[in-house]
Amino acid sequence: MSRKRWVQGFIVIALVALGGYAYQTRQVSHARESITAVGSTALQPLVEAAGEQYTGEHLGTFVNVQGGGTGTGLSQIQEGAVQIGNSDLFAGEQKGIKANQLVDHRVAVVGITPIVNKKVGVTNLSTAQLIKVFTGEVKNWREVGGANLPIVLINRAQGSGTRATFEQFGLQGRRSKTAQEQDSSGMVRSIVATTPGAISYVAFSYVDKTVQDLAINHVEPTEDNVTTNDWKIWSYEHLYTKGQPKGLTAKFIHYVQSAAVQRTLVRQLGYLSPDQMTVDRDVHGQVTKIGGE
Amino acid sequence: MKSTQQLERQLKRHSKAARLENWGRFISFSALLLIVAVVVGIIGFVASKGIATFTTNHVSLWDFLTEKTWNPNIKDAHGNPEVGALPMIVGSFLITILSAIVATPFAIGTAVFMNEISPNRGAKILQPVTELLVGIPSVVYGFIGLSVVVPATRAIFGGSGFGILSGTCVLFVMILPTVTSMSADALKSVPRYYREASLALGATQWQTIYKVVLRAATPGLMTAVVFGMARAFGEALAVQMVIGNAALMPSSLVAPSSTLTSVLTTGIGNTVMGSLQNNALWSLALVLLLMSLVFNLIIRLIGRKGRM
């Protein structure tokens, strides 16, 4: 009996201690400032790295970064559940989002390139050929000058920002045929690398030796070509806030957009800085040259 | 007068044991309440979200269950969103049934070996091995499937290697331990005197196993198989990695196709809460939930039949 009492007492003390600890930490995290950014997995590495740097330089702040996808990011910021929504798309392009409530902060530019399996034997396609490949009009690589291999399409999931950008600017607004779908760029790359005849599309930073990137109309997928819009398949990476940002949110976004981060971190991680662009593109895909000679 | 009152109070007061019992009853009852609330909450949430496709977005239930195009982002010629879930429903059932068909003979064979033919070795080696298999996380199965099963399928049957066949192979290994250990339990619960009587009548061991033990254990074995099917039906990650996730009617076993779970896991992060695309995914989740309830009911029914 006394042993039982002892156990009971211990449990009660442990519970009280844990509760007290939770209460304490709650107070601490409130006393310090913390913000949460949720959304696009394509933008996540940049925001995470910038967040770590920022909290390292500004003690007492915390930037919590989560993935979940562009749709999640935009819906969470629309509901006001988080402070920053990461998105590959303009908010106006995503269905179910009231873009006028959200404020756009462009922090990076991402180029997207078609990739194929190395055995395909194709290094260049015209836009018309690319569209035929993705709409299923062409079923064998022989028909576009490659090896005698059936074409295996691999798409990103419906609603993925990469896919939306690729269909809008790579396929000129046409929809890809229903085919395999994968929910991450890393997975897409490894499947393309191992599946003969496979074709898909990823951000520049995901291209490595295991896959072959394609030139389109003999324009190579390089960062220089993106800055001049000669390579058309690219998109802005956005941090969205609900209304004008305040406090730590404003400071953090300002930090990500600052020249220091844009020159170092953004480029190291394989993104382009919006400052490098010589053109500007709006939500409807209209491209204008940035003024100045 | 006073003393009788005191006596009465003493008698009527709850003893310590009784108070402890009430307290215990309260605790276990509130635990039960909590679990019931969680279950009801989940079912209610999924149902309210899943039904919104039909009430808010005015998709007809019949179209949802029978149409073959899954493209929630665009509308068809009549202005209705293309949310035909038939490819996923067919994919889920096909892969579940196929993996159960493949796994059942192996599972029952193993269980018979463990219980009837070589109980000593079975208990020493096979039991721990099957238990170990149960504990392997599904992402590991998926990874092995992606790097071993998919290339093998591609080399043998052609195509891209992604498809129902690869999914079946992975699920077969995943549900095998569950079905095996439940089958073993079913065989164990057959009374010893059944076997003794059979052997005494001059039946061989094989005749005893086939005509007596397996027959007597049938309800338990069925439960094991249905349990394995329920697990296969609900498995998401491993299947998603090897099936290819193409929302197409499966034209062959090696063509990329999809299941309810694989479409859910790939799609849910790219949709916005409250939009049609999101609601359509919740409807898929509702179908999944209803199906697992059906599997549970089947298990119940078999159990009841077995008792008679």
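How many helices and strands make up the secondary structure of chain B? Select chain B and you will find 13 helices and 2 strands. Helices (H or I, at least four residues) and strands (E, at least two) are DSSP runs, numbered from the N terminus.

Before going on, two notes for your viewer. This is a predicted model, in which local features need pLDDT of at least 70 and side-chain atom pairs count only at pLDDT 80 or more, while totals for chains, interfaces and linings use all residues. Residues are numbered from 1 along each chain as its sequence is written, with chains lettered from A and ligands numbered from 1 in the order in which they are written.

**Stop 1: chain B as a whole**

Along the principal axes, its C-alpha atoms fill a box of roughly 90 × 70 × 35 Å. Chain B is more spread out than a compact globule, because its radius of gyration is 26 Å, well over the 19 Å that the globule rule gives for 308 residues. Here the radius of gyration is taken over C-alpha atoms, and the globule rule is 2.2 Å times the number of residues to the power 0.38. Of the 308 residues, 39% count as buried, meaning that 20 or more other C-beta atoms, placed from the backbone, lie within 10 Å of the residue's own.

**Stop 2: the two domains of chain B**

Now colour residues 2-50, which are domain 1, and residues 86-307, which are domain 2. These bounds come from an automatic or database domain assignment. The C-alpha centres of domain 1 and domain 2 of chain B lie 40 Å apart. Their contact takes 5 residues from domain 1 of chain B and 6 residues from domain 2 of chain B; two residues are in contact if their C-beta atoms, placed from the backbone, lie within 7 Å.

**Stop 3: annotated stretches of chain B**

Next, select residues 89-299 of chain B, where an unreviewed UniProt entry places "domain: ABC transmembrane type-1". Such annotations may be inferred rather than shown by experiment. This span is 80% helix and 0% strand, and its end C-alpha atoms lie 21 Å apart.

The unreviewed entry in UniProt also lists "transmembrane region" stretches in chain B, including 125-150 and 280-302. Residues 125-150 of chain B are 92% helix and 0% strand, with end C-alpha atoms 30 Å apart. Residues 280-302 of chain B are 100% helix and 0% strand, and there the end C-alpha atoms lie 33 Å apart.

**Stop 4: where the chains meet**

Show both chains. Here 22 residues of chain B are in contact with 24 residues of chain A. On the chain B side, the elements giving two or more residues are strand S1 (70-75) and helix H12 (260-267). That side divides into 9 nonpolar, 13 polar and no charged residues. Ala, Val, Leu, Ile, Met, Phe, Trp, Tyr, Cys and Pro count as nonpolar, Asp, Glu, Lys and Arg as charged, and the others, Gly among them, as polar.

**Stop 5: chain A and one of its strands**

Select chain A, which has 10 helices and 13 strands. Of its 293 residues, 42% count as buried.

Zoom in on strand S11 (residues 234-242) of chain A: 8 of its 9 residues are buried. Which strands pair with S11(A) in the antiparallel sense? One is strand S3 (residues 84-87) of chain A, over 3 bridges, and Ser87(A) has His238(A) as its bridge partner. Another is strand S4 (residues 102-116) of chain A, joined to S11(A) by 9 bridges; here, look for Val103(A) and its bridge partner Thr241(A). Strands pair if DSSP finds at least two bridges between them.

Terms used
A residue is buried if 20 or more other C-beta atoms lie within 10 Å of its own, exposed if 12 or fewer, and partly exposed in between; C-beta atoms are placed from the backbone.
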